[in-house]
Amino acid sequence: MNDTIAAISTASGSGAIGIIRMSGPAALSISSSFLFSKNKFLTPTEIRPRVAIQCVFQVGARKVDQILFFYFKGPNSYTGEDLCEFHFHGNPILLREALDAIFRAGARPAKQGEFSRRAFLNEKLDLTEAEAIGRLISARSRFELELAQKNVFGEVSRFISNLRSQLISLKAECEAEIDFSTEDLTYESLEERKSRIETVKSLCQNVISKSDSAEKLIQQLRIVLYGEPNTGKSSLMNLLLGKDRSIISEIPGTTRDYISEEILLEGIPVRLVDTAGVRETTDQIEKLGIERSEKEFQSADIRLVLIDTSKKEEWKEFIDKNRERLEGSVLVANKIDIRDSSWDPNLFADLKESTVCEISCKTKEGISILLGAIKKKAGTMGQSEDYVLLEERQRYHFETIVRCLNNTLHLISDGAPAEIYIKEIDYALSEIGEVNGRVDTEEILGRIFSKFCVGK
Ligand SMILES: Nc1nc2c(ncn2[C@@H]2O[C@H](COP(=O)(O)OP(=O)(O)OP(=O)(O)O)[C@@H](O)[C@H]2O)c(=O)[nH]1
Ligand SMILES: [Mg+2]
């Protein structure tokens, strides 16, 4: 990393301020050639680290802008190298002019992610933290942002180092057994060893499964509103969207084709789909619409099945006819403001894994409870201290670790000697190294000798 890189670090377009960053050995000397204060250019020695300098950014005789300048002396900077920041007024043309001058003075354009890459190479960040910073910047929902924040603050890195330390001690134990098996040392029993491996394996499996459900929430859940005509699907759609998107009328069969909209529900990005009411019909167009409703119902992540509680027992027939298909759905008992005396939510207590929510689109009663039920269905981790693997890359490595540990367990059960199954533990360890980009064999050696004090 002998060259010096520079780039505009703020978003494109105009804004109150626009920042150019420059990192590398020549950062300070290049910067100083533009910093004009009190009738002269500053010399590098006049620039103190971490002190805001107010001056003019000047290219030769041309005054470009009044700026704030910061110098972070390596290794105490984001990249670990000398790093300079110019805070301009945020006009893209002005920033471009300044950046071009910086390039002419000897810096080269930074490639995508190159500042973070240098930070990683200088051990300022590990790979998972670098990835989390990327997520933090690009997160499209509060939910995704919160997860990225946990990773930025090192939750995943801590999890990984804990896992790694468990595997290293496992390996150390096996290694000692191989090297010193003739000496009179006691080792853990195979059963103990297997149960330790199981523990590590389930830690990994747990984080993978949490990550899969988080991924769904980040990608966009499909929530489908389904039910007979006139039950209030379109009314609920509009209510959740906060705008009149679907046409509502007292005529059954109003919605003929599905309508979908993207929204954030409780910070989770979802796609809401309003469908045509399902019923027996001879109308060809309505039939096509109903076929689509069925397709949407099938492919939904969360199904909101609406029933009209104002109709005397009509809902009962619908539920009884569709009993099996409705398992796992959220039953939305609408029009509770004008419910018929025959309505009784307890009649559906036996529907497996489903919830009944009584609401009124008219009075908005029960809507927050419904939102809570949706969130619960979504499997949200809520306010927990949890972290997940946000990147496909990380999940891939964890799946490989689980495979290696499974192999180890099988080998042990088959009576294989430690020399053989230790290889699988090795693979698992190197995968962990891949997750955060740190691979170190010295560490393993150190552990062996500190733990067993052999060679006394
Ligand atoms: N009193 C009362 N009326 C409601 C409520 N929800 C919906 N309605 C009325 O019920 C009628 C049907 O509502 P829609 O939202 O169009 O029903 P839908 O399920 O989309 O009907 P289709 O599109 O025909 O399948 C309208 O006249 C709404 O104003 C409610 O909670 N209380
Ligand atoms: Mg409708």
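On a 1 Å grid over the protein atoms alone, a pocket is an open set of points where a 1.4 Å probe fits, with protein on both sides within 12 Å along at least five of seven lines, and lining residues have an atom within 4 Å of a point. A volume is the space filled by probe spheres set on the points.

This is a predicted model, in which local features need pLDDT of at least 70 and totals for linings use all residues. Residues are numbered from 1 along each chain as its sequence is written.

Start with the second largest pocket, of about 360 Å³. Select Asn 230, Gly 232, Ser 235, Ser 249 and Lys 335, the closest to its centre of 25 lining residues. Helix 8 (residues 233-241) gives the largest share, three residues. Helices (H or I, at least four residues) and strands (E, at least two) are DSSP runs. The lining has seven nonpolar, 13 polar (Gly counts here) and five charged residues.

Next, go to the largest pocket, of about 630 Å³. Among the 20 lining residues, Gln 112, Gly 113, Glu 114, Phe 115 and Ser 116 are the closest to its centre. Helix 3 supplies six residues, the largest share. Strand 1 (5-8) and helix 4 (127-138) each supply at least two.

Finally, select helix 10 (residues 314-322). Trp 315, Phe 318, Ile 319 and Asn 322 are buried (under 20% relative accessible area, 1.4 Å probe, protein chains only). They lie on the same side of helix 10 because they cover an arc of only 95° around the axis, taken from the directions to the C-beta atoms. Turn to the other side for Glu 317 and Lys 321, which are exposed (over 50%).

Methods. Chains are lettered from A and ligands numbered from 1 in the order in which they are written. This is a predicted model: local features need pLDDT of at least 70, side-chain atom pairs count only at pLDDT 80 or more; totals for chains, interfaces and linings use all residues. Side-chain values use heavy atoms; hydrogens and water are left out.
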